[in-house]
Amino acid sequence: MTGLDPVHRDFFAGGAGEERTLRANEDAWARRRIIPRVLRGTGPRDLRTTLLGTDLSMPVLIAPTAFHSLAHPDGEVATATAAAAAGTAMIVSMAATRPIEQIAATGATLWFQLYPQPDLTFQDALLERVTKAGVKALVVTVDSPVFSHGRRDLRTGFTDLPPGLACENMRDDTGVVRDITMDDTLSWAHLDRLRAGTGLPVVLKGILHPADALLAVEHGADAVIVSNHGGRQLDGAIATLDALPAVLAAAGGRIPVLIDGGIRTGTDILVALALGAKAVAVGRPVIWGLAGGGAHGVQEKLETLRAQLDHSLALAGAQRPADLSPDLIA
Ligand code: FNR
């Protein structure tokens, strides 16, 4: 991976604590086996899907990850350029290092990830700004009431962006870049306020417990993402794939359920879709593509996932994601 500072590589790759959850995410996909169907005469595959009014060329989104300019000088603009070329959506992290307007100028379909901020005046202004820039949904990350402890970062001494880079969407109306606050008083009441104040669909990211999936439905969330933040928050948290069935049962088909964490191949995506996820999101693979080759590198990564998913659908006897069902998974 050209040019990636080893300290930054550890920041991107690492997880919290002993990295048990980080490992568990990937291991969980590797444990599942597919029971393919044959002689279904499916013909060419069709991977397209629609999610919250967003048309996607495949059920794969770019998960929100911080600090893309550490991976490549073009930062989030490169990632969005690739998303546009691949016809999928990018979830822009609140800790993006490029202004949302520049990212949107690529023409990509964007969702914006928010850590709810205690300064509601600032938050309202931010939401107005990203809405004006054209983002199509808000992704509210709910698994981070406090900052994570990255063991590798403690070792390497990585704490923050180097001079010259900033979280550009945290600038207030005086031009000062605000720190992102993790708010340990966050509750469903905050979410209700947020929902009432935006016309955008609201997606809750970081749901693992079925009771929370039920509450998400009751509080009017438009979708949930089963996620443990790529093993970067609560070490020891359940692997996302292991949490998926109960969350799906609780959601009961009323809202789409997405999943991220350790998804690395087309067959991982097939497993998620067969169990009932409407789409998946990928985090680190996109960063490695970005570090290796900018927009082109990200696009290559996305096209590889697309080709793998297409191929495994064919081999499992499915034409489109909707043809898959849980009985195909052992
Ligand atoms: C993240 N993730 C994340 N999530 C979020 O809601 N806001 C953020 O700013 C970040 N930042 C971030 C940085 C880095 C370096 C990583 C690896 C992850 C979590 C991310 O959205 C997603 O949940 C995981 O990355 C999915 O797991 P994989 O695909 O990386 O295994």
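At what angle do helix 10 (residues 266-275) and helix 11 (residues 284-316) pack, and how far apart are their axes? In this predicted model, the two helices pack at an angle of about 60 degrees, and their axes lie 7 Å apart. Helix 10 and helix 11 are therefore oblique to each other. The crossing of helix 10 past helix 11 is right-handed. On the helix 10 side, the contact is formed by Gly266, Thr267, Ile269 and Leu270. These residues meet Leu305, Gln308, Leu309, His311, Ser312, Leu313 and Ala316 of helix 11. Sorted by class, the contact of helix 10 with helix 11 comprises six nonpolar and five polar residues, with no charged residue.

Helix 11 also packs with helix 3 (residues 75-86). Here the axes come within 8 Å and cross at roughly 10 degrees. Helix 3 and helix 11 are therefore roughly parallel to each other, since angles under 35 degrees count as such. Helix 3 contributes Ala78, Thr79, Thr81, Ala82, Ala85 and Ala86 to this contact. Their counterparts in helix 11 are Val286, Leu290, Gly294, Ala295, Val298, Gln299, Leu302 and Glu303. The contact of helix 3 with helix 11 holds nine nonpolar residues, four polar residues and one charged residue.

A further helix pair is formed by helix 8 (residues 210-218) and helix 9 (residues 240-251), whose axes come within 8 Å and cross at roughly 30 degrees. This crossing of helix 8 and helix 9 is right-handed. Pro210, Ala213, Leu214 and Val217 in helix 8 meet Ala246, Val247, Ala249, Ala250 and Ala251 in helix 9. The contact of helix 8 with helix 9 consists of nine nonpolar residues, with no polar and no charged residues.

The largest nonpolar core has 96 residues, of which Leu110, Val203, Val224, Val247 and Val280 touch the most other members. Helix 11 gives the most to this core, namely 11 residues. Val247 also belongs to the contact between helix 8 and helix 9. Val280, when neighbours within four places in sequence are left aside, is in contact with Pro59, Val60, Leu258, Ile259, Asp260, Ile263, Ile269 and Ala272.

Asp160 lies in the loop between helix 6 (151-156) and helix 7 (188-196). Because Asp160 has 10 C-beta neighbours inside 10 Å, it counts as exposed. Asp160 is 67 residues from Ser227 in sequence, and their C-alpha atoms are 24 Å apart in space.

How values were computed
Residues numbered from 1 in each chain as written. Predicted model: local features only at pLDDT ≥ 70, side-chain atom pairs only at ≥ 80, totals over all residues. Axes fitted to C-alpha atoms, helices over the stretch in contact; angles between N-to-C directions. Helix = DSSP H or I, 4+ residues; strand = E, 2+ residues; numbered from the N terminus. Parallel < 35°, antiparallel > 145°, perpendicular 65-115°, else oblique. Left-handed = near helix turned anticlockwise from the far one by under 90°. Contact = placed C-beta atoms within 7 Å. Nonpolar A, V, L, I, M, F, W, Y, C, P; charged D, E, K, R; others polar. Buried ≥ 20, exposed ≤ 12 C-beta atoms within 10 Å, placed from the backbone. Core = buried A, V, L, I, M, F, W, Y, C linked by C-beta atoms within 7 Å.
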